[in-house]
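Here is a briefing on one protein model. Please keep the sequence and the coordinates open while reading.

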Amino acid sequence: MTLIDVVHGDITAQRVDAIVNAAKSSLLGGGGVDGAIHHAGGPEILAACKALRATTLPNGLDVGAAVATTAGKLPARWVIHTVGPLYSPHEDRSHLLRSAYTRSLSVADTLRARTVAFPLISAGAYGWPREDAIRQAVTALTSARTAVEIVTLVAYDRSVAELMRRSLP
């Protein structure tokens, strides 16, 4: 059974096997978590992402999919990049948001990662309402079949960390 923990802090400082990046589909960096991970990890992450774009992912990473690269200078061994969906009040995309979590765990399993840190995917610039983003994350993480032993949900904001803690079973 996977233990789910919540911390208030910086995802780039987490000492885990893999850090999940809420990436843009281009895999070439961006703002928020994506920009922070690329900045802290150094040019090795961008080089690995460019290599993926030049080979297996010429059109970028699909929403809900996940792929791993080196973690560069980060304290983790790997970065698992996943693309969360944009929120829409007119279309239910929650299955894509849950897929970003479960497919990231599947990638972690192929890496034999036992500890994985996640940000709250799609809740920033992608506009997903925070409470529902947390609910989707917890639903996906608690229902996933994985060998990952510890999942850490990392919140940059203290109030979001508290919401996450209250949402755990």
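This is a predicted model: local features need pLDDT of at least 70, side-chain atom pairs count only at pLDDT 80 or more; totals for chains, interfaces and linings use all residues.

A search of the whole structure for aromatic pairs returns 2.

- E1 runs parallel to strand E6 (residues 150-155), and 6 bridges join the two. Val 7 has Val 154 in E6 as its bridge partner.

**Strand E2**

- How many of the 5 residues of strand E2 (residues 18-22) are buried? The count is 4, so E2 is largely enclosed by the rest of the structure.
- E2 pairs with strand E4 (residues 78-82) in the parallel sense, over 5 bridges. In this pairing Asn 21 stands opposite His 81 of E4.
- E2 also pairs with strand E5 (residues 115-118), again in the parallel sense, over 2 bridges. Here Ile 19 stands opposite Ala 117 of E5.

**Packing of H1 on H2**

- Helix H1 (residues 32-41) packs against helix H2 (residues 43-54) at an angle of about 115°. Their axes are 5 Å apart.
- That angle makes H1 roughly perpendicular to H2.
- From H1, the contact is made by Ile 37, His 38 and Gly 41. From H2, it is made by Pro 43, Glu 44, Ile 45, Leu 46 and Cys 49.
- By type, the residues of this contact divide into 5 nonpolar, 2 polar and 1 charged.

**His 38**

- His 38 lies in helix H1. Its relative accessibility is 12%, so His 38 counts as buried.
- Which residues does His 38 touch, leaving aside those up to four places away in sequence? They are Asn 21, Leu 27, Leu 28, Gly 29, Ile 45, Leu 46, Cys 49 and His 81.
- Asn 21 and His 81 also stand opposite each other in the pairing of E2 with E4.
- Ile 45, Leu 46 and Cys 49 belong to the H2 side of the helix contact.

**Aromatic pairs**

- The search of the whole structure gives 2 pairs. The rings of Tyr 87 and Trp 128 have centres 5.2 Å apart and planes at 75°, so this pair is edge-to-face.
- Tyr 87 is in the loop between E4 and helix H3 (94-111), while Trp 128 is in the loop between E5 and helix H4 (130-143). The pair therefore ties together parts that are 41 residues apart in sequence.
- Tyr 87 counts as partly exposed, at 35% relative accessibility. Trp 128 counts as buried, at 3%.
- The rings of Tyr 101 and Phe 118 have centres 5.2 Å apart and planes at 35°, so this pair is tilted.
- Tyr 101 is in helix H3 and Phe 118 in strand E5. The pair links distant parts of the chain, 17 residues apart.
- Tyr 101 is buried, with a relative accessible area of 0%. Phe 118 is buried at 0% as well.

**Positive phi outside glycine**

- Arg 112 has phi near 65°, a positive value in a residue other than glycine. Arg 112 is in the loop between H3 and E5.
- Is Arg 112 buried or exposed? Arg 112 counts as exposed, at 67% relative accessibility.
- Ser 122 has a positive phi of about 70°, although it is not a glycine. Ser 122 is in the loop between E5 and H4.
- Ser 122 is buried, with a relative accessible area of 6%.

Terms used. Residues are numbered from 1 along each chain as its sequence is written. Side-chain values use heavy atoms; hydrogens and water are left out. Axes are lines fitted to C-alpha atoms, for helices over the stretch in contact, and angles run from 0 to 180 degrees between N-to-C directions. Angles under 35 degrees count as roughly parallel, over 145 as roughly antiparallel, 65 to 115 as roughly perpendicular and the rest as oblique. Contact means heavy atoms within 4.5 Å. Ala, Val, Leu, Ile, Met, Phe, Trp, Tyr, Cys and Pro count as nonpolar, Asp, Glu, Lys and Arg as charged, and the others, Gly among them, as polar. Buried means under 20% relative accessible area, exposed over 50%, partly exposed in between (1.4 Å probe, protein chains only). Two strands pair if DSSP finds at least two bridges between them. Rings of Phe, Tyr and Trp (its six-membered ring) pair if their centres lie within 6.5 Å; planes under 30 degrees apart count as stacked, over 60 as edge-to-face and the rest as tilted.
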